[in-house]
Amino acid sequence: MVEVELQAVGRNLAELRSARELTLQDLADLTGYTVSYLSQIERGESVPSLSGLASVAAALGVEMRALFKEASGPRLHVSRASEPLALRTGLSDSGDPAHRYTVLGAHGNEGAYTALIHELPPLEPPLRYRHFGERFALVLAGSVRLTLGGEMHDLGEGECIHYGSHEEHTFEVTSNSDAVVLWIVSPAIF
């Protein structure tokens with residue numbers, strides 16, 4: 001399995017912050033995160049959530065994919081089961097990454113969307129998101145709840161939802177086992 005190197009994400013974050021002549025304190029003020037936490041991300045010592053990375057990218061005035069190494073090359077991308085491109089985020093009680101994202105397609109700046117498979121554990125507080133663009137989610141296993149605009153949408157295996165994601169929304173697992181969700185995210189983040 002090929003995993004996105006989070007230290008590279010941290011280096012890209014530090015470079016983007018420096019290019020904008022922002023201190024860690026400036027970025028902390030813009031995002032609501034602590035200087036210590038942002039410093040840990042930049043050093044590759046902390047595993048941020050995708051929503052956290054989206055908040056940091058928005059504060060820097062860039063799309064989230066700017067934090068990831070740009071993909072260049074052919075317009076065709078084949079995802080092999082034997083060599084998935086994976087990203088692990090969030091922390092479990094044991095300190096290990098709790099969420100696993102498998103990137104199904106990556107075209108860098110040329111892609112219109114990103115397809116991801118998100119494996120997430122039950123019994124966690126709802127994840128808070130706010131992104132520019134649209135999201136499509138298909139539940140492959142387990143059950144989840146998306147709350148948007150005060151409305152709860154419970155989804156089980158085989159059910160899907162499509163929505164504009166600029167309004168803050170929450171996402172949580174409602175099953176007793178891990179949930180697996182196929183996401184189509186536009187604009188592309190990888």
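How many of the eleven residues of helix α4 (residues 50–60) are buried? In this predicted model, eight of the eleven are buried, so helix α4 is largely enclosed by the rest of the structure. The buried positions are L50, S51, G52, L53, A54, V56, A57 and L60, and the helix is followed by G61, whose phi is positive, near 75°.

The largest nonpolar core has 40 residues, of which L60, M64, L67, L116, F171 and W183 touch the most other members. The largest share of this core, six residues, comes from α4.

Turning to charged side chains, the count of salt bridges comes to three, and they are set out below.

| Salt bridge | N to O distance |
|---|---|
| E42 and R17 | 2.6 Å |
| E168 and R128 | 3.4 Å |
| D154 and R145 | 2.7 Å |

For the salt bridge between E42 and R17, E42 lies in helix α3 (residues 35–42) and R17 in helix α1 (residues 6–19), so the pair ties together parts that are 25 residues apart in sequence. Both E42 and R17 are buried.

In the salt bridge of E168 with R128, distant parts of the chain are linked, with E168 in the loop between β9 (160–164) and β10 (169–173) and R128 in strand β5 (residues 127–129), 40 residues apart. E168 counts as partly exposed at 43% relative accessibility, whereas R128, at 53%, counts as exposed because the cut-off for that class is over 50%.

As for the salt bridge between D154 and R145, D154 is partly exposed with a relative accessible area of 46%, and R145 is partly exposed with a relative accessible area of 23%.

Key:
Residues are numbered from 1 along each chain as its sequence is written. This is a predicted model: local features need pLDDT of at least 70, side-chain atom pairs count only at pLDDT 80 or more; totals for chains, interfaces and linings use all residues. Side-chain values use heavy atoms; hydrogens and water are left out. Buried means under 20% relative accessible area, exposed over 50%, partly exposed in between (1.4 Å probe, protein chains only). Helices (H or I, at least four residues) and strands (E, at least two) are DSSP runs, numbered from the N terminus. A nonpolar core is a set of buried Ala, Val, Leu, Ile, Met, Phe, Trp, Tyr and Cys residues joined through side-chain atoms within 4.5 Å. A salt bridge is a side-chain nitrogen of Lys or Arg within 4 Å of a carboxyl oxygen of Asp or Glu.
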